[in-house]
Amino acid sequence: MKKLSILAVCGAGLGSSFACEMSIEAALKDLGVEADLSHCDISSATSSRADIIMTGENFRSQFQHYTINANIIYLKRLVDKNEIKTKLTPILQEMGHLAI
């Protein structure tokens, strides 16, 4: 199975997305799932080949303008490990990266 790729996205691709990436890493560790993680800004994300994109709820309208072949998870709090785990778990199960 191909290694999972997850992208954390914020407006500028700097602080918020990096903090989100670190929270995703902690959540994946708790779930026992390995993935390649990175972070970037919205415009770079639209051309990425990530399996999953995690971003703030406030960017939903911007992402709706693009056709993206990735699961997009919208977060209320980018650094909330529990919210990340809650929203990520069913997608990981559906993709076969996490046992049900």
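The legends below describe close-up views of a predicted model.

Local features need pLDDT of at least 70 and side-chain atom pairs count only at pLDDT 80 or more, while totals for chains, interfaces and linings use all residues. Residues are numbered from 1 along each chain as its sequence is written, and side-chain values use heavy atoms, with hydrogens and water left out.

**View 1. The largest nonpolar core has 19 residues.** A nonpolar core is a set of buried Ala, Val, Leu, Ile, Met, Phe, Trp, Tyr and Cys residues joined through side-chain atoms within 4.5 Å. Buried means under 20% relative accessible area, with a 1.4 Å probe and protein chains only; exposed is over 50%, and partly exposed lies in between. Ile-6, Ile-24, Leu-28, Ile-52, Met-54, Leu-88 and Leu-92 touch the most other members. At least two residues of this core come from each of strand E1 (4-10), helix H1 (15-31), strand E3 (52-56), strand E4 (71-75) and helix H4 (81-95). Helices (H or I, at least four residues) and strands (E, at least two) are DSSP runs, numbered from the N terminus. Another core, of 13 residues, lies apart from this one and includes Cys-40, Ala-45, Phe-59 and Ala-70.

**View 2. Met-54 and its contacts.** Contact means heavy atoms within 4.5 Å. Not counting residues up to four places away in sequence, Met-54 touches Ile-6, Leu-7, Ala-8, Val-9, Ile-24, Ile-73, Leu-75, Ile-84 and Leu-88.

**View 3. Helix H1 and what covers it.** The 17 residues of H1 should span 24 Å at 1.5 Å a residue, and the end C-alpha atoms are 25 Å apart, which agrees; the expected span is 1.5 Å times one less than the number of residues. Ser-17, Cys-20, Glu-21, Ser-23, Ile-24, Ala-27 and Leu-28 are the buried residues of H1. Their cover includes E1, strand E2 (35-41), E3, E4 and H4. Gly-32, with a positive phi near 75°, follows H1.

**View 4. Glu-21, a buried residue without a salt bridge.** Glu-21 lies in helix H1. A salt bridge is a side-chain nitrogen of Lys or Arg within 4 Å of a carboxyl oxygen of Asp or Glu. The nearest side chain of opposite charge to Glu-21 is Lys-3, 12 Å away. Lys and Arg count as positive and Asp and Glu as negative, while His and the chain ends are not counted. Leaving aside neighbours within four places in sequence, Glu-21 is in contact with Ala-8, Leu-37, Ser-38 and His-39.
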